[in-house]
Amino acid sequence: MPGKLILVRHGQSLWNLENLFTGWTDIDLAPQGREEATRAGRQLIEEKIQVDVAFTSVLKRAIRTLWIMLDEMDRMWIPVERSWRLNERHYGALQGLDKAQTVQRHGAEQVKIWRRSYDIPPPPLATDDPRHPRFDARYADVPPAELPAAESLKDTLARVLPFWQGRIAPELRAGRNVMVAAHGNSLRAMVKMLDDVSESAIVELNIPTGIPLVYELDPQLKSRGSRYLGDAEAVAAAAEAVRRQTEKK
């Protein structure tokens, strides 16, 4: 049988706290985010779930979440792989902007389309914009044509899928428990794939920060069931907090 799959959205970041569009901008965890990561590690210990291999993005809020969890679990020695394919959705020219001010400038309806439609990306970065990933050393080995200037959730899924098939799925099929510490949209893409969620439903799914989501998988790596660890009311409250933050004006 396949191993367990543990998905963890990074803890609250500094820009989550400040209500700014983040995307591929490399922002660290807020103090609450570090506490969430510590608690997530403890939850896995309490559930007696051991992680055999881990994957994360190349953004520090996800990397640090993973570090804190593995430290708490005394599993810092396990194999860890970082990949740009697990990065957050690229929010293009919106990155770094205040969400409330963006609504005032473009209108709530337009901003909701950019944020919550399945296949409509936000305005792209210009190729000479210093925020474009082609200027970032961590993407030097990525073919320039593959580096996004903006992404929809559909684009994010297309980016994540090859990494799932080539790196994550083989570890699960080998019976190893795999943890993926990543971002709201890269994890939303995985949930869509695992649970066969419709395009309309997946954009309304809110994944709380810093709470492990554990999947039991069948031999075809389809979900046999999943659950968030911890108190159900606390999980619901955390998901609601994410929803409010998403809709904050």
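Let me begin with a term: a nonpolar core is a set of buried Ala, Val, Leu, Ile, Met, Phe, Trp, Tyr and Cys residues joined through side-chain atoms within 4.5 Å, where buried means under 20% relative accessible area with a 1.4 Å probe, protein chains only. What we have here is a predicted model, in which local features need pLDDT of at least 70 and side-chain atom pairs count only at pLDDT 80 or more, while totals for chains, interfaces and linings use all residues. Residues are numbered from 1 along each chain as its sequence is written, and side-chain values use heavy atoms, with hydrogens and water left out.

In the largest nonpolar core, which has 30 residues, Leu5, Leu7, Trp164, Ile168, Val180 and Met190 touch the most other members. The largest share of this core, 8 residues, is supplied by α6, helices being DSSP runs of H or I with at least four residues, and strands runs of E with at least two, numbered from the N terminus.

Turning to the packing of helices, the axes of α6 (residues 153-173) and α7 (residues 184-195) come within 9 Å and cross at roughly 70 degrees, the axes being lines fitted to C-alpha atoms over the stretch in contact, with angles from 0 to 180 degrees between N-to-C directions. The two helices α6 and α7 are therefore roughly perpendicular, a label that covers 65 to 115 degrees.

Which residues does Ile168 touch, not counting those up to four places away in sequence? With contact meaning heavy atoms within 4.5 Å, Ile168 touches Leu5, Phe55, Phe163, Val178, Val180 and Met190.

Finally, for the chain overall, 54% of the 249 residues count as buried.

Terms used. Parallel < 35°, antiparallel > 145°, perpendicular 65-115°, else oblique. Buried < 20%, exposed > 50% of the residue type's maximum accessible area, 1.4 Å probe, protein only.
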